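These are my notes from a first look through one model.

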Amino acid sequence: MRSKDRISYFYDGDVGSVYFGPNHPMKPHRLCMTHHLVLSYKLHQKMEIYRPHKAYPVELAQFHSADYVDFLHRITPDTQHMFSDELVKYNLGEDCPVFENLFEFCQIYAGGTIDAACRLNNQLCDIAINWAGGLHHAKKYVHHGDGVEEAFYFTDRVMTVSFHKYGDMFFPGTGDVKETGEREGKYYAINVPLKDGIDDTSFTRLFKSIISKVVETYVPGVIVLQCGADSLAGDRLGCFNLSIDGHAECVRFVKKFNLPLLVTGGGGYTKENVARCWAVETGVLLDTELPNEIPDNEYIKYFSPEYSLRIPSGHIENLNSKSYLGTIKAQVFENLQSIQHAPGVQMQEVPPDFYIPDFDEDEQNPDERMDQHTQDKQIQRDDEYYEGDHDNDQNMEDV
């Protein structure tokens, strides 16, 4: 048992300034709201805080194809009409739109996760947090974390485990329990498909049972925990009944394995609840219980009228019967029994940290005059702050 976890936390305020568009439910400003809750609860005093570097194209191309990275670098909202074929090829569109500063956004959140992984690899921390990370639909070539699963579908070096809504034409339409990997990766992809309305008790029981068996069987050297918050009750797109305490209990459980842990964000479309959830889970990782009354902060009005940290569980009918969940659990356990041993030696050489180009933040003059682009990014968009059901509708009038 470690006496005290060393925790590194990565945040760049620029990641919250991008805007997906008036009709898109993703609100990156939820990251700024999360960070200000972390500050208001003084959690930053218990962690090492870092501004991540912006991932270089050459870093992104260590996994993604170079032409895909180059396309993201070049495409803009003003020019996208000229690249209709490429938009289809690279799966950009309604769910993954082209917006201003798209590539910089990718550089920031990817850079945070790369930096977090480097600190863990070099044993400079025990837990690394990058709430901006965890986005998971980009694939190597062209919801359930389909991009992440595809990345490791043919290898035993990584075991992916995904708990997600499945069925009823729910995006992206993948993630059946029978999808288990192929070739060397057979049985190393675990999918836990769930129906509408799962509650804290059912979810946490299933989560703990499956994750315990995974750790016992696979014996991982590190865990990457993607904490998508669209499973919370009341999410704009989700359909589960989880309370914040139920969601956070899963984080607390994984932490108890005392393995190197990289924690990221992911989905979540009711931004004030996403911020609540990730602040509570930052506290969980720090073994710090947070008072329910939210301290004053720059975004306090978005937590009105209760100004409370916790939210209750939901009231959607739970369609996940004990029989159904038992069948899913039994299938997952059967698949795990097909794994005879923990993974062997690495199948390819891991590039050293020094492969990443060096840069020196000290060389950047803090007194240097900001260019207009940088100044413009600091302007808050009025259409980013609609509340309730109208918060993604730019032209919606209050009713």
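The entries below go from ground rules to strands, cores, a cavity, cysteines and a few backbone details.

**Entry 1: ground rules.** I am working with a predicted model, in which local features need pLDDT of at least 70, side-chain atom pairs count only at pLDDT 80 or more, and totals for chains, interfaces and linings use all residues. Residues are numbered from 1 along each chain as its sequence is written, and side-chain values use heavy atoms, with hydrogens and water left out.

**Entry 2: terms for strands and burial.** I take helices (H or I, at least four residues) and strands (E, at least two) as DSSP runs, numbered from the N terminus. I call two strands paired if DSSP finds at least two bridges between them. Buried means under 20% relative accessible area, exposed over 50%, and partly exposed in between, with a 1.4 Å probe and protein chains only.

**Entry 3: strand β1.** I looked up which strands pair with β1. Strand β3 (residues 127–130) is parallel to β1 and joined to it by three bridges; in this pair Ile7 stands opposite Ile127. Strand β2 (residues 48–50) also runs parallel to β1, again with three bridges, and there Tyr9 has Ile49 as its bridge partner. I then checked the side chains of β1: Ile7 and Tyr9 point one way, Ser8 and Phe10 the other way, and all are buried.

**Entry 4: strands β4 and β5.** I found six bridges between β4 and β5, which run parallel. Lys165 has Leu194 of β5 as its bridge partner. Five of the six residues in β4 are buried.

Entry 5: Strand β7 (residues 261–264) runs parallel to β6, with four bridges between them. With helix α8 (residues 244–255), β6 and β7 make a right-handed β-α-β unit; right-handed means that, with the strands pointing away from the viewer, the path from the first strand over the helix to the second runs clockwise.

**Entry 6: Leu261.** I found Leu261 in strand β7. Leu261 counts as buried because its relative accessibility is 2%. Leu285 is 24 residues away from Leu261 in sequence, and their C-alpha atoms are 9.8 Å apart.

**Entry 7: nonpolar cores.** A nonpolar core is a set of buried Ala, Val, Leu, Ile, Met, Phe, Trp, Tyr and Cys residues joined through side-chain atoms within 4.5 Å. The largest has 91 residues, and Ile129, Phe163 and Leu194 touch the most other members. A second, separate core has six residues, including Phe10, Ala116, Cys125 and Leu262.

**Entry 8: the largest cavity.** I use the word cavity for a set of points, on a 1 Å grid over the protein atoms alone, where a 1.4 Å probe fits but cannot get out; lining residues have an atom within 4 Å of a point. Grid points are joined across faces, edges and corners, and a volume is the space filled by probe spheres set on the points. The largest cavity holds about 80 Å³. Its lining has 15 residues, of which Phe10, Tyr11, Leu31, Asn130 and Ala132 are the closest to the centre. The elements giving two or more residues to this lining are β1 (7–10), α1 (29–40) and α5 (102–121).

**Entry 9: cysteines.** How many disulfides are there? Counting a disulfide as a pair of cysteine sulfur atoms within 2.5 Å, I get zero. Cys277 is in no disulfide, and the nearest cysteine sulfur, that of Cys227, is 7.3 Å away. Cys277 counts as buried because its relative accessible area is 0%.

**Entry 10: backbone details.** Ser304 and Pro305 are joined by a cis peptide bond, with omega about 0°. Pro305 is in the loop between α9 (271–285) and α10 (322–337). Gln123, a residue other than glycine, has a positive phi near 55°; Gln123 sits in the loop between α5 and β3. Gln123 counts as exposed because its relative accessible area is 60%. Tyr187 also has a positive phi, near 75°, and lies in the loop between β4 (160–165) and β5 (189–194). Tyr187 is partly exposed, at 25% relative accessibility.

How values were computed:
On a 1 Å grid over the protein atoms alone, a cavity is a set of points where a 1.4 Å probe fits but cannot get out, and a pocket is an open set with protein on both sides within 12 Å along at least five of seven lines; lining residues have an atom within 4 Å of a point.
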